[in-house]
Amino acid sequence: MKESGATSPFPIQAGSAGMPISIQQAKIIYNLPFNDLLFRAQTIHRLHFDPNMVQMSRLLSIKTGGCAEDCGYCSQSAHYPTGLKASKLMEVERVLTEARKAKDAGATRYCMGAAWRSPKDRDMDTLVAMVEGVRALGMESCMTLGMLTEAQAGKLAEAGLDYYNHNIDTSERFYSEVITTRSFEDRLDTLATVRMAGIKVCAGGILGMGETVDDRISMLLTLATLPVPPESVPINQLIPIPGSKLEDAAPVDPIDFIRLIALARILMPTSHLRLSAGRTEMSDEMQALCFFAGANSIFVGDTLLTADNPDDDHDTALFRRLGLSPMPLEPAV
Ligand code: SF4
């Protein structure tokens, strides 16, 4: 049986480790006939993952709003009148109570996000206690706290932090259209600091901010060609926030979104690809196609930091309809 894209010069494993790929090659793959693209992505997916397992993470905002950064998509930036009420860093016990509930509901990774440009050193002991507490529950821990110094990354690594999330958001070319208070280079520097500290990297981006398809492909190539690609890659669909810079952004074409998931799977064969913000706007059929294209991680729980997320009952029903199961935690080695 032949793909109609059999004229494509690229082997099924294009983009896997040791096989660098150019932007032109990535664009050709992205533009393959849809069925050929999904077939390739699914074939690669099956080489590295059980296709019917989806990793489940839960995200909690441990410090909300009042952020000094001006990310044009964010409800928590102090630069935009989004109406969000700012709050202080949560107490450790409250965070752990929520983590226990998440574990009981089937989540294996607990992600804690703070709306900061970077953490203050005075908050580090509290953050360390949160990481240690989540690890003691037998869950993987993840934090997203903004830019880190080497010393801060070292402390979090010592506490046992499994993942650090720091999205590159978009392409280098488009970055300054969305954020001006830090640079694309700052982002890459923090990712390098996290990697050097021995923490696994979670880094992805957002579609629907006015970027071109080339920007999206370029963003994926930046991630795929890091010295070590991120172990976890969240792909978000913008939820336009009233009052934010991007409140009037046009929605992403669902087929384009699915194509990008497929390309991400082909470029980063062993990374967990997470459908993140924006799932409330996706039909079950679109999510099913994203899973077929290689997405294998979701956030569960009815809120994502400050945004809505499908509720647990909806996700349970979707998993049942698609024959999907939650991915168990890999035993620590
Ligand atoms: S995305 Fe993060 S860094 Fe940017 S404004 Fe929102 S909370 Fe701050």
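Strand S3 and strand S4 (residues 163-165) pair in the parallel sense over two bridges. Pairing here requires at least two DSSP bridges between the strands. Helices (H or I, at least four residues) and strands (E, at least two) are DSSP runs, numbered from the N terminus. Across this pair, Met 143 stands opposite Tyr 164 in S4.

This is a predicted model, in which local features need pLDDT of at least 70, side-chain atom pairs count only at pLDDT 80 or more, and totals for chains, interfaces and linings use all residues. Residues are numbered from 1 along each chain as its sequence is written, and side-chain values use heavy atoms, with hydrogens and water left out.

**Around S3**

Strand S2 (residues 109-114) pairs with S3 in the parallel sense over five bridges. Arg 109 stands opposite Glu 140 in S3.

S2, helix H4 (residues 124-136) and S3 form a right-handed β-α-β unit. S3, helix H5 (residues 150-159) and S4 form a right-handed β-α-β unit as well. Right-handed means that, with the strands pointing away from the viewer, the path from the first strand over the helix to the second runs clockwise.

How enclosed is S3 by the rest of the structure? Five of the five residues of S3 (residues 140-144) are buried, so the strand is largely enclosed. Buried means under 20% relative accessible area, exposed over 50%, and partly exposed in between (1.4 Å probe, protein chains only). In a regular strand, side chains alternate between the two faces of the sheet. Both faces of S3 are covered: Glu 140, Cys 142 and Thr 144 lie on one side, Ser 141 and Met 143 on the other, and all are buried.

**Around S9**

Strand S9 (residues 297-300) is also covered on both faces. Ser 297 and Phe 299 are buried on one side, Ile 298 and Val 300 on the other.

| Partner of S9 | Bridges | Facing residues |
|---|---|---|
| S1 (residues 53-63) | four | Met 56 and Ile 298 |
| S8 (residues 272-275) | two | Arg 274 and Ser 297 |

From S8 the chain crosses through helix H10 (residues 284-293) to S9, and this β-α-β crossover is right-handed.

Asp 169 lies in the loop between S4 and helix H6 (175-178). Its phi is near 75°, a positive value in a residue other than glycine. Most residues other than glycine have a negative phi. Asp 169 counts as buried, because its relative accessibility is 2%.

Arg 173 lies in the loop between S4 and H6 too. Is Arg 173 buried or exposed? Arg 173 is exposed, with a relative accessible area of 56%. Arg 173 and Ser 218 are 45 residues apart in sequence and 8.9 Å apart in space, C-alpha to C-alpha.

**Strand S6**

Gly 205 is found in strand S6 (residues 205-207). Gly 205 counts as buried, at 0% relative accessibility.

**The ligand**

The residues around the ligand are Cys 67, Glu 69, Cys 71, Tyr 73, Cys 74, Gln 76, Ser 77, Ala 115 and Arg 182. The shell divides into five nonpolar, two polar and two charged residues. Ala, Val, Leu, Ile, Met, Phe, Trp, Tyr, Cys and Pro count as nonpolar, Asp, Glu, Lys and Arg as charged, and the others, Gly among them, as polar.

How values were computed. A residue is near a molecule or strand if one of its heavy atoms lies within 4 Å of it.
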